[in-house]
Amino acid sequence: MSVDGKSSITLMKTLHSSTEVYSICPYDANRFIVGTVGDRRHARVIGLNGQESYIHSLTFPDKTYGAGNCRCTYLPSDGVLAVTYRYDNTVQLFQIGLGTSRTVKDGRLQGPAGICGAQGRVFVASWGTDRVVEMTVQGEIVKCHDVGMMWPRTISVTQDGGYMVVADGVNGDKITLFKMK
């Protein structure tokens, strides 16, 4: 899709994936990384031409996950792919260029649902806890943001890290905007 100066969206093309997709984020100018459902490779790359590929340097846990249980985001400036594993209460941080990963498991990460990244930080909606956990791309938890909703599910942070938007996973009509700085 393209967005013009008046915020009008125009459909450019429809792409089809060989698996169900539950999250999507930009990878580079011509490709996206998508979080998969029911696939042992929890993320794959889809180009604007529809071609799918895997990130071969990554080793995912040898499990398949249902819809909403595994989401991902990519931080291009850091080369980090962050993946949530909701029922394992973990976030895995993959350093794509190096082929290394770090698993973050912490009591403050309960049922990690939505995930996004900005300014070298990863933000994770912690399902059932009323908070969003902020961590570095190395996996160090630096802050827990109280968002006033028990079931935060979907999250986005502006690229400058100034604002965060969180949607409630149970009360789908509740979307809250927070000023971060």
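## Basis

The model is predicted: local features need pLDDT of at least 70, side-chain atom pairs count only at pLDDT 80 or more, and totals for chains, interfaces and linings use all residues. Residues are numbered from 1 along each chain as its sequence is written, and side-chain values use heavy atoms, with hydrogens and water left out.

## Salt bridges

Side chains of opposite charge can pair when their charged atoms come close. Here a salt bridge is a side-chain nitrogen of Lys or Arg within 4 Å of a carboxyl oxygen of Asp or Glu. Searching the whole structure gives 4 of them. Buried means under 20% relative accessible area, exposed over 50%, and partly exposed in between (1.4 Å probe, protein chains only).

Arg31 pairs with Asp28 at 2.6 Å, N to O. Arg31 is partly exposed at 34%. Asp28 is also partly exposed, at 35%. Asp106 bridges to Arg108, with the closest N and O atoms 2.9 Å apart. Asp106 has a relative accessible area of 24% and is partly exposed. Arg108 is partly exposed at 36%.

Glu134 and Arg121 meet at 3.2 Å, N to O. Glu134 sits in strand 13 (residues 131-136) and Arg121 in strand 12 (residues 121-126), so this pair ties together parts 13 residues apart in sequence. Strands (E, at least two residues) are DSSP runs, numbered from the N terminus; helices are H or I runs of at least four residues. Glu134 is buried, at 11% relative accessibility. Arg121 is partly exposed at 28%.

## Nonpolar cores

A nonpolar core is a set of buried Ala, Val, Leu, Ile, Met, Phe, Trp, Tyr and Cys residues joined through side-chain atoms within 4.5 Å. The largest has 17 residues. Within it, Ile33, Leu81, Val83 and Ile96 touch the most other members. Strand 3 (20-28), strand 5 (43-47), strand 7 (70-75) and strand 8 (80-85) each give at least two residues to this core. A second, separate core has 14 residues, including Leu93, Val122, Val133 and Met135.

What does Ile96 touch? Leaving out residues up to four places away in sequence, its contacts (heavy atoms within 4.5 Å) are Tyr27, Ile33, Ile55, Ser57, Leu58, Tyr74, Gly79 and Leu81.

## Surface patch

Tyr163, Val165, Ile175 and Leu177 make up a nonpolar patch on the surface, with about 380 Å² of accessible area together. Strand 16 (163-168) and strand 17 (175-179) are the elements that give two or more residues to the patch. Patch residues have over 30% relative accessible area and no salt bridge; like charges are joined within 9 Å, nonpolar side chains (Val, Leu, Ile, Met, Phe, Trp, Tyr) within 5 Å. Accessible areas come from the Shrake-Rupley method with a 1.4 Å probe; for residues, only the protein chains shown count as cover.

Ile175 belongs to strand 17. Ile175 is exposed, with a relative accessible area of 59%.

## Positive phi

Asn89 is not a glycine, yet has a positive phi of about 55 degrees. Asn89 lies in the loop between strand 8 and strand 9 (90-95). Asn89 is partly exposed at 22%.

Asp130 also has a positive phi, about 65 degrees, without being a glycine. The loop between strand 12 and strand 13 holds Asp130. Asp130 counts as partly exposed, at 27% relative accessibility.
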